[in-house]
Each structure stands twice: as C-alpha cells, then as structure tokens.
Amino acid sequence: MPLSATVNNVYKALLSFSPPQRAAVRALWGEQGGEAQERKPMNSETVLSSLLQTARDVTGDELLFIKEYFHLPLSSLRSVLAATHISTIRMILQYYNRFENTLQLSDEYQSVMVSVLLKTHQATDDKLLLELGSLLAAASPADIKALPSKQNNVNLLENINRNLDRMSLAQREAFGLWYNKVMSPSSITGGHQSLIRDTGNLIAYLPFHSFQHLSAAQLLDGLDVLQRNILSSVKQEFIANRLIGGYRNLTAKDFIRLGNLSCLADPVDLRAYNNTEAFQVIQESIMNCMLKGLSLPSQLVSDLLLNNPEFRIPSSLSANRLKELAPLLPSLGVTFLKGLTVSQLLSALPALSTIPFTPIQAYIIVDKLFQTNTLSTGQLQELGTLIVGVKTETLLNLTSDKLLSAVKALTPHFPVRSLPYIDVHCALEAHTIATKLWGFQEVVNWLDDVKPLLRCTPLLSVLRRTRLLVEKLSNTSTKPWNTQQAQAIVRELINANPKLIKQDFLSLGSLGQGVSCRVLQERFGADTSPLSVRKILAFLRQQPGILHTSLKTCVLDKLHQFKFFPDLLQDLGAEIALSIPMSTIKIFSAEMMDNLRKMIVATPRYFLMLSRRKQELLVDRIVQRMKGMYTVPFTEEEFRSMGIMAPFVVDEVFIQVDRSFFTQNLDYLKTLCYSSGKTELVARILQEPAVFGPVKNWNQATLSMVGRFLFFLPVNILQEIPLPLMTLGRIEKLFMSHRQWEDGDVGILCSDMNERKALFEKQQFVLQFFLGFLKINSLSLTPIVPTCETLHTTSPAAWTSSSLSSMSSTAFSNCLELMGHDSFLASFQRSEVLKRVKKMYGPVSSFSPSVIAQLGEIATELSPEELSALRLVEQSSIASMGAVSTWNTRQLTALFTTVLNSTKLTPSRLDSNMFVALGHILCGAKTTEINTFNNVEFGKAVLWLGQLRLSCSEEQMLALVQLLTHSLAFGPMSSWDTDVFIEIGVLAAGLPDIAMSALVKEQIEGITPMAISIIPPEKFAVAFSQSQISMFSYEQAVALTPQQVSALRDLQRTALAMVLAPWDGRPVIIKDPTVRSLGLIHNPLCLILGLLMLLIVLF
C-alpha cells in the first residue's frame, strides 16, 4: 500500500476520535482552535511518525494508528521506523506481539522491522531488546551476532529459548555464537551438572569448539534438551562417544533416551554391554537406524547384530523372531535368505513387505513363495517392497484387474527414484505393466491407478488412446504426463476442438507443457495485458515436469516484445529465467539481477542443471552487480545471499571467504556443489593456521568436522594425516558422508562422471593407503579382508582385487550384486572377482539366472565364447547384461545370439519388454535381423533405448530408426513432430543423411543433445546445413564433440558459434573469405552483422 494511502486511512481513523484527540492531531498540521493556518511543510513519513507519537498514550480506537503502520510499503518501512519515537516503537511492539497471528506480515517485512529496531533504537534504549518478544525470531544472523552483551539476562534467554524453534538453523547458530561470547572453556567445564538444562535450547547451538568441553555428566543430565534441538552430525557423534565411552554403567533407560545416537558410538564401547539388559535396547536402536536408511559403520552392524549365533541356522528362527529381525535381513544377505523356509517367510510376510530388499534378495524370497504355490498372483499387493522380485514373465500373464492391484503395490518401490527433473530410467517391471495396461481401451478410466507409471509409458501406447483421453479432458489434464505425451494429446485436442484452447487455455492443466510455440504465442498475443501474461506464466510454472527447451525459448522470444518484460522476471520463475541468454542478462538492472539471484537461491535445482560454463558466467554477472563483493573478505552475509551459487564465484572472491564463517559453518558448506578448481581452494583453506592447520596436527574431532572435504586434499597432503586416526570406522564414515551428499538433491546434479571418477580415485587412495594396502613403511597396517558390510559402507572398487577375492564365501556371495553394479571396478578387479565367481558357482554354463543377474559389469570379463554358454532365459538376467555399456563388438554379437538361443525366440518375435531388457545388447544384432524386428514392439521400447548411449554402427542405427517409420509405429519421418524426436532420443542419430538434411525447426528442437553427440562427424557435416545449425539450442550446440566441430565447414562453424555466443560470450571466428572482414565478433551489433552476412550467403 502506498504511504499516502496509509496516511489517508489514518485521517479516516480520526473520525472516531474525541474532540481533544482530534485537536491534538490537527496541531501537527498547523490547525489550532478551528482556525485555518498555513500548513507546515511535512512529508508523509514525518506525518505518520508524528501521528503515532501523538497516539502513544491512548488506547482502544487509537490503535488504528498502529494498525495502519503495518500497511506501510516495504520500501518506506525502514525510513519510517528509523524516524519513529521510541515510545511509539514500544506501542508497535505491543501491537505486534498481541496481534501477530492476524497481521500476516512477510518474513522480509518482519526482518526489516527487527533490523531497524536493533540497529537504530536499541542503541538509545537497551531495554528494547527485552520487549521484542516473538519478533526476535525474524532477526537476521548478522543482526543476532551484533546483539549487545546481555547473555546473563534471564528474561532475554527465556525469550530466545522460547522462539528458537521458529528460527532457521542459521539464526540458531548465530545465537549460539552470540551466547558463546560468555562461555569460556573454563565456565563450561566448571559449570554445574545441570548447565544444559539451566541454559536451555540455546546451548545446543554453541560452536563445536566450545560444545566439546561439555562433560559426560552434563550431557547425560541435559540429554533431553539436546535431543529436542537440531544437532550437527559432529555434535551427535561427540555426544555418543563422550557418554557411551565415558560411562561403563549406562542403563537400558539411558540407552532409550539416547535413541539413534547409540548408532554413532564406538562398537567396542557398545559391545561392553553384551549380556546386559541394555544390550537389547542397543540392538533395537541399531535396527531402527537401519530401518530409517541411516548408514552405519560395518563393525557396528557385524559385531552387535550379525555375529549372533542364532543366525547360523536361518530355518531355526521362529516366525515372531523373524518379524523382529526384519530390518536386519537385507544385511544378512542372500545366503541367509536362501536358508529360510517357505512357512517362515509366509508368516513373517507382513513385516518383510516393508523392508527395502535389493532386487536379487526380493527375487529369492518371492521365488520361494511362488515355487510352492504358497502365494498366488492375486496376492501381489501383499508383497509390498518385495514386489521388485516378481519376474516380468509373471507380470505378463496377469489379467488387467490383477495388474492394477500390482501397480498399487509396485509403484512405490520401482527404481524410478530419480528426481522429476532427471531423465527417467524405468525398471523393466514398470515398462511391462505400463505397456500391458495401455493395451486396454479402459486404461483411460484407470488414470489414477496408472499415474505413477506415466513417465514409463511409451508414446506409442499413448498415441493409440489420445482420442479417448481428449474426451475425458477434465481428468486427463490433471495427470503428470511427460513432454512428448502432452504434445501428442494437445495435437489431438486441437484437431477435435480447436476453439477450446482459445476459449479456455488454462483448462489444459498439466498438458500445457505440450502446446506448440505458435499456439503459446497466440495466447500471449490474444491479451497482452500484464495480468493475462502473468496468468499464463503462472500456469507454465505449475507444469509437472521440466519444460522443454524449445518452449522456454518460445516464451522468452515473445515476452521480449512487451515493454513490461523487465517487470515479468519473477513471474517467469527460475526455470524459464535461467534460459535467458547471457547477452540479455548482462544488461539487467541491479534490481532485476537481485531478483534473479533470489529466485535461484529459492529454487536452486534449475541452476544446478545448467552447464558448468553457464553457471560460472551467470554467477560472475550477478556478483559484478552486488556492491562490495570484490572487496575482502567474502562475508557470511554475502556468501549466504548467494546460496547454491556461492562456490561458483571467481577464485579471487572465494579465497577471501571469512575464515570464522568457514570454520563455524562446515556442515552448511559441505552441502554445496564445488567444481574441481574450488575443491583445491577449499583444501588450501582447511590447512591454514586460522582454520585447522597442517593435517599432521589434526585429531578425530577435526576429521569429524572436515567430513567429505577430506577428499579435496591432494594425495601428498593426505599421507600426512596421523595413521592412528584413519581407522576403518573413520574411513567408512568419510565414505558414507560423501555418498549421502552425492545421492542428495545437490550431489545428484552437481558432478559429471569425470569429476566423480577423480574423487573416487582419491577415496580409493585413502582407503588403500591407511588400511595398509600400499606398503609405505613399517608402521603400515596389515591389509584387512573386507566384509560385505564394509563394501556397502565404502565401495567395492576402492579395495584391491586380492582383498575382494579373499572375502569369505558368505560375504562374497552376499555382495556379488553390489560388486556387479560398481561402475568404477577396473578390468583387473573384475577379472579377479570373476575367477572367484567361477570357483564358487562352477563353469559359466552352470550359472543360475540369479547369479547372472548379479554379475553386471563383472560379466564384461567373459570371452565371447563364455558369453555364448550363458543361459539367458529370464528377462531379469538379460536386463542385467543389457544395462552394461562397455561390451565390445564381439561380446555384443555373442550376447544377442545367446539370448535368441536361450529363449528359443526369433528376432521377429521379440516384444517391447525383451527390447528393453536387451538394452545395449541390441547393438549385437545383425542388420538383417534388425530388419525383421516387430515395428510396433520396437517403437514401444524406444523411450528406454533412446536414453542409452548405444554403441551401434551407423548401419545398425539406420536400420533401427527405419523400423519406426512403419505406419503402425510413428509413420514417415517427414511427419514426425517434436514429440517423436524427444521419444526416440539417441536413435535420431540413425536418420539417413537426406532425411536429416530435410529436418525443419520443430523436428530439430526435439533432437536430444546426446543424439547430436553420437552422429558420426562426417555425416553431421554433410547432413546439417548452417541454417539448420543456427536453429540449435545452446544445449544441442554445446553437445558437439571436437571431432564433429573439426569436420564442419567455415559457415557451419560460424552458425554454431552464433548459437553459443549469446551465452558463452565467446568471440565468433569467421574464416570464410566472403565474410573475413568481420574478424572477431564481440558485441551484439557485430553478431547481428555476422548473421546478416550468413543469411546473404545462404539466400
């Protein structure tokens, strides 16, 4: 609300005032005794401030003055508050604390309020801090740290403790730093046993260098206080070790209070409670940690749980005991599961159905139940998580009603655990059920049931039902379709009811992502008012998945035509806004750049999806507009204001990060994403004297705080860490902390395969050096043999091949599946593991389907002759082989032939499920065999196959893509729209040269970057003209390999450079003699001139 409007409302409030009160107010304006006088020149801010001061001694209706204050615009709030009399400030606080729940003030509004009060008025009235009440929860970390020294004021501490649960972790930690100013080590160690309870919640947020002085007695006494607060992993580990390591007589009740903290203790300390009442509580806590998915050191699991003598004979366990042990069964492994009887499994099924077994473990259990006909296909929903063990062959034989019930049980447990903005790799089971259900016309009535499977449903299946889906638009428009499915349905909708989109565009719901650029621009043009444009943008932000690049480009191209485009930045949302070219972002105003920064901080995933170069260029532009960012130091306020972007600032800025902030916020810093260059800077900072100093002086607490950052250190520095510190347990914790980050929302988007490989090599060195595998000196430990639990906490590839092959038979068997899925296993490691497999399971020809399914990457060490001897009968074992991408040509040929021989199928009888299972093995088929594939069945499989970097020859790719031109598949290539190209993915690389050279804009937009990258260089240079290349998106253009670029002609390179230049800012080098005079193109005008010259040459 404008400030003038607020003042007008205050005038209205005067009507309810008594004559004396009105007279007092009139006096402010120069009106006394009813006689008009010349008004004094007072601005609106002064008026409001004066009115509030006048009203400070009245109650009731006069509170209307105070109420109007809360309607001030944010832009005026700071100046008005700063000029307000202290007595009025108190009235404002009184009103706020009384009506807080009804005021509905934004967080930013409250933050400005408390900031002004603390910086301006607290200095003149030190009692004000005690009157802030719940408004204190809106204080920024910087303001909190600057609070005056009132740590001994009981009332203030009570207010802080009362409001801590409303604060962010950064605010809580800021209060911890503020309180720490009076908490010297001696005051902690010399404090009463009740120190934690006396201090309250606040003590949980002391920096660790002070927190670590708390005694075991103080921790035990105040455990309940600490448990109800957010404790860092370092503090949790400290509490567990200080209490359990410090006491030897803790009771069962004490361990109940400790709860999951027991899982962080040293196994040796916990083992001391064996044969006591407390030991059962400890075991229950550990199983509870496992059930919650927490990663535990292997020794903790093996020593306290797995080594129990009762597990030696699985069949001897009672059904009730098996139910109790359910969370532990995945760790007991396949050997134990094979020893269970059918009756045991059936009795314990309700408990087992909630446990996250691996596919092979689930397969073993389900196979036992089905083999004895104990469980029928009609009872699939009872399997719960075990449903992943059901054979696809079994699913194929189910009726539609049983399939639907299976969907309800299966969908929560599909390995489709990637985020909505990551390419989906659907499980074979998901594809099997989806394609079969979509074979029934009634599927349009089952959309609620099949909704979780839509992302795994082939476009070809949906195309058969678009007419029916359009007829049920109100339901169809609420489902999470992928882009190509939405495009197909919208195209059918336009054919059936062309007026609907014009009349009620927003009724498209989740299908909005499927509209064409022409349709979308028509909607923007139909009503060019800001309100209408904002409605459409809000509609696009609500789409269920990532918007296609072409659609985002289309939106920006249209909106650039509006004069109010600068006002639409926040309405675009982070996803579309981050598609704005750098050439445009460069000219953003300071306010627009700040809004863009806030959007990225609030929704970081879209920033993480950008290429590394885009990230760095964007951050550099944002930093250039931020005042003082190039001055030292890089403060906490600046760092936090950048959010996920902070580690992407230029090195000169990052190296100046405030060291106090760095050391006190490591848990936060470890959640972020770092490029290889920044990891080197972090490593340097860690070793500075003001941080942790030389690594040779580090201790266990240091290692706990450093966590995954330890892998940023150079190899020569890692060797200086004191050997006794780097126990197996410590190494496991380091591995687990990094894996937890890597599997999280940031880690999954942060690193590419090269960066992951480099970090793994560092991990491998740490493990092998400190566990004695690299014999450096006489102090080196004797190499140990890992258990299966140890491989889970670390990584199979981190161990030497001899250590893997030396594992006990049980441990090796239990971890074969894990080893088979480790993509970092080197060839020599795989060879040794394979020798052990043959020794345990006999010759290759005797391998069971379950053993084959576990081999994964290990199988690449089999010769073509050995591969020919495999019995590849079940689709699960075929899929295990098909998921491997590193086969050579002879192996692929042998595998494809083996599949046909084992299944007794001819190439023409392969169905879509088999094509999905075959995966990379498809490239082992001869061209003549490919030509006989069933066109429709192959078309249903391309959703999966199109996401694989297939190693097929050019002739094979051509044959595969030709299958899709059948009238029952996608029809002639000339008729393919964007949706088909998105669906077929890399298979687009197989288009014939003549078809590729005839592609139009809408078709080119659908070609995936991966497909671009695998087109043979010579073919690319011949097929794509410069005009087609100029239609590429940035993502398509940057996907070109150096070999492809080197094969281009000069005009093609120019066209490519012009696609890259608006984002990369790279100069466009034009070597063609007809345009040589342009030389290097640096600015937008030169780019336009270069494009004009290119068009002249073309036309």
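A residue counts as buried when its relative accessible area is under 20%, and Cys815, with 0%, is therefore buried. Keep that cut-off in mind as you look around this predicted model. The chain has 1099 residues, and buried residues make up 55% of them. Its secondary structure comprises 74 helices and two strands.

**The chain as a whole**

- Take the contacts between residues at least 6 apart in sequence: 69% of these join residues at least 24 apart.

**Disulfide Cys673–Cys750**

- Cys673 and Cys750 are joined by a disulfide, with 2.0 Å from S to S.
- This pair links distant parts of the chain, 77 residues apart. Cys673 sits in the loop between α46 (666-669) and α47 (676-686), while Cys750 belongs to helix α51 (residues 747-750).
- The link is right-handed, because the torsion about the S-S bond of Cys673 and Cys750 is about 80 degrees.
- Both ends fall under the 20% limit for burial: Cys673 is buried because its relative accessibility is 0%, and Cys750 is buried because its value is 5%.

**Disulfide Cys788–Cys815**

- The sulfur atoms of Cys788 and Cys815 lie 2.2 Å apart and form a disulfide.
- Here the bond ties together parts that are 27 residues apart in sequence, since Cys788 lies in helix α53 (residues 788-793) and Cys815 in helix α55 (residues 809-820).
- A torsion of about 90 degrees about the S-S bond of Cys788 and Cys815 makes this disulfide right-handed.

**Disulfide Cys923–Cys952**

- Cys923 is joined to Cys952 by a disulfide with an S to S distance of 1.9 Å.
- In this pair, Cys923 comes from the loop between α61 (912-918) and α62 (927-930), and Cys952 from the loop between α63 (935-945) and α64 (954-963), so parts that are 29 residues apart in sequence are tied together.
- The link of Cys923 and Cys952 is left-handed, with -85 degrees about the S-S bond.
- Cys923 is buried because its relative accessibility is 6%, and Cys952 is buried because its relative accessibility is 13%.

**The second largest pocket**

- The second largest pocket has a volume of about 1700 Å³.
- Its lining is made up of 46 residues, and the closest to the centre are Ser111, Ser140, Pro141, Glu637 and Ser641.
- Several helices contribute two or more residues to this lining, among them α7 (107-121), α9 (141-145), α11 (169-180) and α43 (636-642).
- Also giving two or more residues are α40 (590-602), α42 (612-625) and α45 (659-664).
- Sorted by class, the lining of the second largest pocket holds 18 nonpolar, 11 polar and 17 charged residues.

**Helices α35 and α36**

- Helix α35 (residues 517-526) and helix α36 (residues 530-541) have axes that come within 9 Å and cross at roughly 145 degrees.
- From α35, the residues Leu520, Arg523 and Phe524 meet Val533, Ile536, Leu537 and Leu540 of α36.
- This contact of α35 with α36 is built from six nonpolar residues, no polar ones and one charged residue.

Key. Residues are numbered from 1 along each chain as its sequence is written. This is a predicted model: local features need pLDDT of at least 70, side-chain atom pairs count only at pLDDT 80 or more; totals for chains, interfaces and linings use all residues. Side-chain values use heavy atoms; hydrogens and water are left out. A disulfide is a pair of cysteine sulfur atoms within 2.5 Å. Helices (H or I, at least four residues) and strands (E, at least two) are DSSP runs, numbered from the N terminus. Buried means under 20% relative accessible area, exposed over 50%, partly exposed in between (1.4 Å probe, protein chains only). On a 1 Å grid over the protein atoms alone, a cavity is a set of points where a 1.4 Å probe fits but cannot get out, and a pocket is an open set with protein on both sides within 12 Å along at least five of seven lines; lining residues have an atom within 4 Å of a point. Grid points are joined across faces, edges and corners, and a volume is the space filled by probe spheres set on the points. Ala, Val, Leu, Ile, Met, Phe, Trp, Tyr, Cys and Pro count as nonpolar, Asp, Glu, Lys and Arg as charged, and the others, Gly among them, as polar. Axes are lines fitted to C-alpha atoms, for helices over the stretch in contact, and angles run from 0 to 180 degrees between N-to-C directions. Contact means heavy atoms within 4.5 Å.
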